[in-house]
Number of protein chains: 2
Amino acid sequence: MRTVTPPGDPGAETTGGYLKGRIRRKDIIAAARAVYAEAGYHGSSLREIAKRAGITHAGLLYYFPTKEALLAAVLQRRDAEDAARQHLDSSPGLDVLKSLIALAAHNVRHPGIVDLYVRLAAEAVGPDHPAHTYFERHYREARELTARSFRVLAARGDLRPGVDPELAALGFIALMDGLQVQWLTMPDEVDLVGALEAHLQSLLTVPL
Amino acid sequence: MRTVTPPGDPGAETTGGYLKGRIRRKDIIAAARAVYAEAGYHGSSLREIAKRAGITHAGLLYYFPTKEALLAAVLQRRDAEDAARQHLDSSPGLDVLKSLIALAAHNVRHPGIVDLYVRLAAEAVGPDHPAHTYFERHYREARELTARSFRVLAARGDLRPGVDPELAALGFIALMDGLQVQWLTMPDEVDLVGALEAHLQSLLTVPL
């Protein structure tokens with residue numbers, strides 16, 4: 001079992017200690033993801049996550065003093081990874097919508113992450129859950145990015161007449177979430193990416 | 001606290017005993033719904049549900065010998081209530097799709113039921129969950145009913161050209177589910193029924 005090196009350890013060089021800390025954080029976040037996916041956030045314990053990460057309980061508490069702090073780090077890490085991989089920060093428009101579908105295609109190859117997201121989103125609907133604020137912001141940002149993209153398409157005449165960009169954005173994000181639950185439940189019967197593409201195409205006057 | 005009357009109790013008339021049993025089952029199912037909604041299915045216990053129903057633990061076990069049996073009864077009760085209220089057994093077509101939207105409108109007035117459904121659906125994605133088979137069947141039946149309805153519309157020329165009835169059905173059910181999660185998380189920002197109507201309208205050549 002590995003043990004954590006406290007900061008200022010006389011044997012650790014500053015840069016090396018910093019790097020080691022980043023690696024430890026990464027290991028702990030990976031272990032937390034695995035444990036959440038198996039037991040749900042509420043069913044998990046920092047003790048179990050520490051064990052999985054090969055670190056002492058006290059060592060984990062040095063990096064993440066509370067269960068909530070670790071959850072926040074797991075969620076932020078996922079969003080940062082998604083944004084970097086799918087270039088979700090590009091200008092609003094068709095490319096952003098295609099990137100969201102590419103994100104869904106990526107997720108289909110990583111069911112563990114989807115499983116974690118779906119379970120946490122359901123646990124966090126109540127305002128007292130520590131991830132509630134995260135999901136509020138997450139949905140809001142996703143809807144706004146998508147609505148801006150639909151408005152850009154509308155201005156170009158590429159959105160079918162009568163389609164409201166705000167409702168279409170709400171629907172697009174909800175469709176992604178709802179498809180994930182059905183796909184996790186019966187992966188062989190649910191064409192997640194196909195359904196998203198068909199839906200987006202039905203809103204456009206131009207081919208996808 | 002009420003106590004359960006065992007069957008064959010010398011003081012209980014047969015018909016009265018039967019009626020009492022139905023009322024007890026109903027009370028227990030209502031208590032189970034409340035406890036699941038608060039603690040999730042996995043976080044609940046038959047002991048806690050018995051307490052909430054005002055019945056002894058042994059009394060509850062007489063009606064529902066296992067946690068799984070009670071969960072199955074809760075889910076079947078909900079489906080039976082939905083089907084009876086929304087006439088989901090009518091001939092496939094636009095009326096069925098409108099009934100599904102009416103069901104969503106009903107759900108918006110009963111957030112506790114939606115909360116329970118969303119949490120259980122997320123818990124039950126794995127094949128080892130006792131409600132997994134229920135959700136598989138539930139999704140499959142909902143998709144098939146919806147696909148048949150879209151096919152009827154297509155045959156009449158009421159479905160927009162290029163819309164695939166199977167993918168549209170998968171999307172319609174997924175949209176309902178995904179909207180529920182977002183709506184539970186931020187009820188003031190999500191127009192659940194409006195988004196469903198807008199979506200359905202975008203698939204049709206006729207006004208809804």
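Predicted model: local features only at pLDDT ≥ 70, side-chain atom pairs only at ≥ 80, totals over all residues.
Now to the two parts themselves. The domain assignment of chain A places residues 1–65 in domain 1 and residues 67–203 in domain 2, and the C-alpha centres of these two domains lie 29 Å apart. In the contact between them, 16 residues come from domain 1 of chain A and 19 residues from domain 2 of chain A. The area buried between the two is about 1600 Å², with carbon and sulfur atoms giving 66% of that. On the side of domain 1, Arg33(A), Tyr36(A) and Tyr41(A) supply 45% of the area buried against domain 2, which is more than any other three residues.

As for polar contact, the count between the two domains is 3 residue pairs. Helix 1 (14–39) and helix 2 (46–53) of chain A each supply at least two residues of the side of domain 1 that touches domain 2, and helix 1 gives the most, with 8 residues. By class, that side has 10 nonpolar, 3 polar and 3 charged residues.

Finally, the annotation: UniProt, in an unreviewed entry, lists residues 22–82 of chain A as "domain: HTH tetR-type". In the model, that span is 80% helix and 0% strand, and its end C-alpha atoms lie 19 Å apart.

Methods: Residues numbered from 1 in each chain as written. Chains lettered and ligands numbered in written order. Heavy atoms only, no water. UniProt positions renumbered as here; feature names shortened; annotations may be inferred. Helix = DSSP H or I, 4+ residues; strand = E, 2+ residues; numbered from the N terminus. Domains from an automatic or database assignment. Contact = heavy atoms within 4.5 Å. Buried area = accessible area lost by both parts, 1.4 Å probe. Polar contact = N/O pair within 3.5 Å; in protein donor to acceptor, adjacent residues only side chain to side chain. Nonpolar A, V, L, I, M, F, W, Y, C, P; charged D, E, K, R; others polar.
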